[in-house]
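Subject: Structure handover

Hello,

Here is the structure we talked about. Please open it and keep it beside this email while you read.

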Amino acid sequence: MNVLFPPRALCCFLLMSFSVSAAAAQTAAVAVRVLILDESDAAYVIKDNGEYRSVSSYPYAISPPFDVEPDRPCDVYKEIHFLDDSGQAHTRYEAIAQVKVSDTVESVLVVVAATASGEYILTYYPDGEEDFPAGTVRVINLGHLPIAASVGSGIFSITPKAVQFMQPKLDHKRRFFTRVAEKESEQWNILYDDVSVLRPNERMTGIVVYSPSGMRHTYTESEIIEYGPPPPGHYWLSYTDTSLQD
């Protein structure tokens, strides 16, 4: 049976449908990755629907993506384990940052950096399709020295805090060489030299970070006793994700 709506009722129905669709589009969740630059040997979590959910189990790790709604900021916590006077183990959560995203982006990398005063500074790197389409490599220099990066073709010099987008030439297996070096005085020191792969509709982000402890948390106590504590230094981190147009 066909149902006929009066013109005014049909107009109201269409307006209501458009309003609901527009509201849904405005509140669409944003995919967020977090990189926490902190020397504390701790895990980091977010609070999601009253539950604490792991973001990264150690510092200098790039988290898997998680959703944040533009109208609902997300708190990031440091997970701290301690013993009370009786020797019983406890866990407490210390809020260190609040991630706020814009409804104008679909995906973003958030760098949470600890300062000497114990505060945390957040820097947002939106994953805009215009600058960062599939097949592109984005290099972010969060270190203290200039770096040189080569991803398949050409060598680019990147100053601290700068971002560079590159288009690597891939072989028949979609591979390319990734080489990264730091400039100290007049000498270049290799930080990373390996083969990377970019599958169709993928893009890669590479980040140079500086660790005053030399990533001490990645070593066992026996390794430190045998080889000594690691020196401060720069390190290369990377991840791939799918292009927004996929």
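Strand names follow DSSP: helices (H or I, at least four residues) and strands (E, at least two) are DSSP runs, numbered from the N terminus. This is a predicted model, in which local features need pLDDT of at least 70 and side-chain atom pairs count only at pLDDT 80 or more, while totals for chains, interfaces and linings use all residues. Residues are numbered from 1 along each chain as its sequence is written, and side-chain values use heavy atoms, with hydrogens and water left out.

E13 covers residues 175-184 and E14 covers residues 187-197. The two run antiparallel and are joined by ten bridges. Two strands count as paired if DSSP finds at least two bridges between them. Take Thr-178 as an example: its bridge partner in E14 is Asp-194.

**The sheet around it**

Which strands make up the open sheet of four? The order is E11-E10-E13-E14, and the pairing is antiparallel. Strand E11 (156-158) and E14 are the edge strands, and each pairs on one side only. From one strand to the next, the twist averages 20 degrees. Angles run from 0 to 180 degrees between N-to-C directions, and axes are lines fitted to C-alpha atoms, for helices over the stretch in contact.

Inside the sheet, strand E10 (residues 147-151) pairs with E13 over five bridges, in the antiparallel sense. Val-151 has Thr-178 as its bridge partner in E13. Thr-178 is also the residue that bridges to Asp-194 in E14.

**Strand E7 and its neighbours**

Now move to strand E7 (107-114). Why is E7 largely enclosed by the rest of the structure? Six of its eight residues are buried, so the strand is largely enclosed. Buried means under 20% relative accessible area, exposed means over 50%, and partly exposed is in between (1.4 Å probe, protein chains only).

E7 runs parallel to E1, with seven bridges between them. One of these pairs Leu-37 with Ala-113 in E7. E7 also joins E8 through seven bridges, this time antiparallel. Val-112 stands opposite Leu-122 in E8. E7 and E8 form a hairpin with five residues between them, and Gly-118 in its turn has a positive phi of about 90 degrees.

**The nonpolar core**

A nonpolar core is a set of buried Ala, Val, Leu, Ile, Met, Phe, Trp, Tyr and Cys residues joined through side-chain atoms within 4.5 Å. The largest one here has 20 residues. Val-32, Val-34, Phe-66, Val-76, Val-101, Val-110 and Val-112 touch the most other members. Strand E1 (30-37), E2, E4, E5, strand E6 (89-99) and E7 each give two or more residues to this core. E1 gives the largest share, four residues. In soluble globular proteins, nonpolar side chains tend to be buried together.

**Two pockets**

On a 1 Å grid over the protein atoms alone, a pocket is an open set of points with protein on both sides within 12 Å along at least five of seven lines, where a cavity is a set of points where a 1.4 Å probe fits but cannot get out; lining residues have an atom within 4 Å of a point. Grid points are joined across faces, edges and corners, and a volume is the space filled by probe spheres set on the points.

The largest pocket holds about 500 Å³ of space. It has 18 lining residues, and Leu-37, Ala-113, Ala-114, Leu-142 and His-144 are the closest to its centre. Strand E7 and strand E8 (120-126) each give two or more residues to the lining.

The second largest pocket has a volume of about 280 Å³. Of its 14 lining residues, Lys-47, Asp-48, Asp-67, Arg-72 and Cys-74 lie nearest its centre. Strand E2 (43-48), strand E4 (66-68) and strand E5 (74-83) each give two or more.

The linings divide as follows. Ala, Val, Leu, Ile, Met, Phe, Trp, Tyr, Cys and Pro count as nonpolar, Asp, Glu, Lys and Arg as charged, and the others, Gly among them, as polar.

- Largest pocket: eleven nonpolar, four polar and three charged.
- Second largest pocket: six nonpolar, one polar and seven charged.

Best wishes
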